[in-house]
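These are my notebook entries on one structure, kept in the order in which I looked things up. The model itself comes first, and my entries follow.

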Amino acid sequence: RACLLRVEGQPVLRVEGSPYEMGRQHGVLLREEIRALVQRVLLLANSAGSDEAAFFGGDIRRAWQTCAPHIEARFREDLRGLADGAGLPLEDVQLANIFPELFHCSGFALFGKATCDGRLLHGRILDYMTYAGLQKFAVNIVAIPDGGVPFLNVGFAGFIGSVTGMNARQIAIGEMGGRGEGQWDGVPMAFLVRTALERAGTLDEALVVFRDAPRTCEYYYVVSDAKLPDARGLYCTPKTFGTVAPGERHERLPTPIADAVLLSADERYRYLVERVQDGYGKFGPAEALKMMERPVAMDSNLHCVLFDAAQSDAYVAIAADPGTERYQACFQPYARINLRAIIDFRPATETPSPLQGEGRGEGPAERDSASAPSVPTPGPEHAEGVISAAQVRPMKPTDDPALAELLKQFEPPPGEFAWSMDRQISSNTYDVYDLRFPSPVTTDTPENNTVCCEYFCCRGDQQRPAVIVLHILDGKFRESRLVCNALAARGIDAVLLKMAYYGPRRPKEPERARRLMQDLPTLIDGARQSAMDARRLAGWLQAQPQVDAQRIGILGISLGGFVAALTSGVDGGFWRSAFILSGGNLEQILRSPAREVRSVRDAIQAAGLTIDDVAARIALIEPCRYAGRIDCRTVLLINTESDPIIPRENVQALADAIGGVDIQWYPGDHYALLWHVLDILGRVEDHFAKP
């Protein structure tokens, strides 16, 4: 009954039966895709929090816990079957399926006088996180539930909810996210859409589902019924349910058009209105598809769908790789998927499959627990110890007298130091600890004298590599946590080191903290201190029994990339290094017009310092001065081609100083790496996973 088809180049998954059966069929037939996507989604969600309270998936876990009482048993069974079929922990599958509640596109329905023949055409434009690579896991799921209405869900492997769908009763639905994140005491949006698809045979029945259910956050919907034909726009919050009829004016939709429901925002709404007005009365499927192109679709256009429900047709386009030109879904080929044909499809021959032998409604707890993967035991809640003087990490020696004098300023004071760590939270395969130890540098800011780290420690006693991760300028640690999560998921311990004067190391007085971050001497002293802290952390890692002392690496991003390059050069003995958005010749960068260095640049000008003054003062922390001590074979260097903050010549200067490192270039400016984050994480994981 279940099968995986390919229709005009796109995957179509057909599932049928009880909730558990449909989930397990989904899990078995798309096992590898589901495992990869769940890992990516959790990786992003676990690092999405912008503050300590949201750290490590706090938001996504709270979303699930708050929504869980409102999730029907049939959806829980579907998730259980999916987890069993894919061989994943049920918790991971649950959290991945609640992900749409964390991040909050355009839609329209045209019929009657608006179309060329009166038929209803329902367009759905999903603009959502193309940089995350979700398009690689796009799949069209045709579900035939026992006792429910068959439906098409234009979705993704491993997701049982729907944000874009059409059922066999000619009901179509598309969702648009608004605000209200955190208001999760209701039915998750994607499960609410699926409920309407499974149960509604008329427009009114669909509207009742949205009206009467406890709702979350703020969402907008276009719901249509091709039988009438008719459609409604919906505005929904936990406390508000509003509708917009065709041709009805709303303060947020100021240009009503007869026989049309148009939902979008800002300039995209204006473009959508203009296109409908220009083509009014002439729209067929081809014209409606053309209307969805940019700028109605956003740059992040993940999929575009046109439902011609009276014909059981859905025209589906999925985004390409964001690194390619015109990658948005609206520019890609559309596949025509006929819901009725998939419902009626039967394989020509019956062949044994992993799905056979599952009776209807089966899925007892004893089989679930037997098939679920085992979860390693968490580490201790608290640990502490002392690193002796004999365990202090030595520097690579040098024969250069001038360099030797510089290196002396990075030597820690002699003696031992104490450390302690407390477990903060756990995933299924690793724990995250708050690790603290004294800095080898004592400053007049007491908070700054304790090094604060987040240690992502993999479960188990097996020896593995470990990587020190240094963060960007904004000090919110999101990007660094993303890297740490990715490495730990790959079985590599990772430690986010909060550099001098960042996070809990900032002075408590806001004005003093602001002055310090604008001060050139503090920048120099902070970089030196952070390099010494990182070397002390490397020595601590060497002493941990679960860490392979010969495989300790370092990685930094942007500001952290400079400090990581400095640290790696000073130390001379890191197993592998990765510098992302980093370069050399710091004095040039500090004098650039980039807004990110404006405060330091202004301080330099206010102090009346010359170019030579700046170069002399900053020589101590210039990465190129020490880069020749790094083995070029151990370096991963990643930058963007049009970065105004770290120009190509500065990147090349660092690469040349190390000794011929190949630079991995990505298109765009300093912030364009966001669009390639998963590709970059893959490179980083592979770099540090090498034997």
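This is a predicted model: local features need pLDDT of at least 70, side-chain atom pairs count only at pLDDT 80 or more; totals for chains, interfaces and linings use all residues.

**Cysteines**

Residues are numbered from 1 along each chain as its sequence is written, and side-chain values use heavy atoms, with hydrogens and water left out.

I then searched the whole structure for disulfides, a disulfide being a pair of cysteine sulfur atoms within 2.5 Å, and I found zero. For C236 the closest cysteine sulfur is that of C217, and because the two sulfurs are 12 Å apart, they are too far from each other for a bond. C457 is likewise in no disulfide, the nearest cysteine sulfur being that of C458 at 6.7 Å. I recorded C457 as buried too, with a relative accessible area of 10%.

**Overall form**

I counted 22 helices and 25 strands in the protein, where helices (H or I, at least four residues) and strands (E, at least two) are DSSP runs numbered from the N terminus. How does the radius of gyration agree with that of a compact globule? For 691 residues such a globule would have a value near 26 Å, and the protein, with 28 Å, agrees with this; the radius is taken over C-alpha atoms, and the globule rule is 2.2 Å times the number of residues to the power 0.38. Along the principal axes, the C-alpha atoms fill a box of roughly 85 × 60 × 45 Å. I also noted that 59% of the 691 residues count as buried.

**Backbone**

I found a cis peptide bond between L228 and P229, with omega about -15°, and P229 sits in the loop between β9 (219-225) and β10 (230-236). A cis peptide bond also joins R294 and P295, here with omega about 10°, and P295 is placed in the loop between α9 (285-291) and β13 (301-308).

For context, most residues other than glycine have a negative phi, and most peptide bonds are trans. D266 has a positive phi near 55° although D266 is not a glycine; D266 is found in helix α8 (residues 266-279) and is exposed, with a relative accessible area of 67%. R326, also not a glycine, has a positive phi of about 50° and lies in the loop between β14 (313-318) and β15 (335-338).

**Aromatic rings**

My search of the whole structure gave 11 aromatic pairs; rings of Phe, Tyr and Trp (its six-membered ring) pair if their centres lie within 6.5 Å, and planes under 30 degrees apart count as stacked, over 60 as edge-to-face and the rest as tilted. Y430 and F456 form a tilted pair, because their ring centres are 6.3 Å apart and their planes are at 40°. Since Y430 lies in strand β18 (residues 430-438) and F456 in strand β19 (residues 450-458), this pair ties together parts that are 26 residues apart in sequence. Both Y430 and F456 are buried.

The pair of Y433 and Y455 is tilted as well, its centres being 6.5 Å apart and its planes at 35°. Y433 lies in strand β18 and Y455 in strand β19, so this pair ties together parts that are 22 residues apart in sequence.

Key
Buried means under 20% relative accessible area, exposed over 50%, partly exposed in between (1.4 Å probe, protein chains only).
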